[in-house]
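Q: I'd like to zoom in on one part of this model, but give me some background on the whole thing too. Here it is.

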Amino acid sequence: MPRDELPERLRMEVSRLIRDTKLSREVKAIHDNTCQICGYRLELSTETTYAEGHHLQPLGQDHSGPDVKENIICVCPNCHVKLDFRAFRITPGMLRLKDGHTVAQRFIDYHNNQVDQRLEAAADSANRR
Ligand SMILES: [Zn+2]
């Protein structure tokens with residue numbers, strides 16, 4: 001193929017740190033690795049399923065969220081990426097709940113506030129164009 005017919009490539013690097021803490025593993029066990037957002041349960045083989053724990057108020061310096069079960073939800077990788085990108089707000093009734101695991105409203109509020117900030121920043125930069 002001539003060089004000018006090669007498709008353009010876009011190099012992207014995304015860094016995602018998934019901390020699989022003890023509490024995150026507990027939450028995933030309670031939900032049997034079923035996504036609390038979309039209900040999907042990723043089967044890797046007949047005996048292996050996979051899910052990720054998402055901290056609604058992230059751990060680490062910028063957010064200082066606590067590593068407590070009330071701050072963690074069990075999600076599939078797709079929903080996890082969308083949550084990390086703050087792609088959607090978590091609305092009442094959206095989360096699939098199980099006995100033995102409650103999600104604190106203040107951490108849902110924290111997430112939703114982050115979504116709102118991202119949307120406001122995007123609207124600001126669109127208005128400046
Ligand atoms: Zn999901």
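What percentage of the 129 residues in the chain do buried residues make up? Then take a close look at Asn33: where is its place in the chain, and does it count as buried or exposed?

A: Keep in mind that this is a predicted model. Buried residues make up 22% of the 129 residues in the chain.

Some background before we get to Asn33. The chain has three helices and four strands, and reading from the N terminus the order is α-β-β-β-β-α-α. The radius of gyration is 18 Å, whereas a compact globule of 129 residues would come out near 14 Å. Along its principal axes, the C-alpha trace spans about 60 × 45 × 30 Å. As for contacts, take those with a separation of 6 or more: 63% of them pair residues 24 or more positions apart.

Now for your residue. Asn33 has its place in the loop that runs between helix H1 (22-30) and strand S1 (42-45). Asn33 counts as buried because 20 C-beta neighbours lie inside 10 Å, and the cut-off for buried is 20 or more. The backbone is worth a look too: phi at Asn33 is positive, about 60 degrees, although the residue is not a glycine. Most residues other than glycine have a negative phi.

Arg86 makes a handy comparison. Arg86 also has a positive phi without being a glycine, at about 55 degrees. You'll find Arg86 in a loop as well, the one between helix H2 (77-84) and helix H3 (105-127). With 16 C-beta neighbours inside 10 Å, though, Arg86 counts as partly exposed.

In helix H2 sits Val81, which has 15 C-beta neighbours inside 10 Å and so counts as partly exposed.

Phe107, Ile108 and His111 are buried in H3. If you're tracing that helix by eye, remember that an α-helix has 3.6 residues a turn, so residues three or four places apart point the same way.

Back to where we started: Asn33 is a buried residue in the loop between H1 and S1, and its phi is positive.

Conventions
Residues numbered from 1 in each chain as written. Predicted model: local features only at pLDDT ≥ 70, side-chain atom pairs only at ≥ 80, totals over all residues. Helix = DSSP H or I, 4+ residues; strand = E, 2+ residues; numbered from the N terminus. Buried ≥ 20, exposed ≤ 12 C-beta atoms within 10 Å, placed from the backbone. Rg over C-alpha atoms; globule rule 2.2 N^0.38 Å. Contact = placed C-beta atoms within 7 Å.
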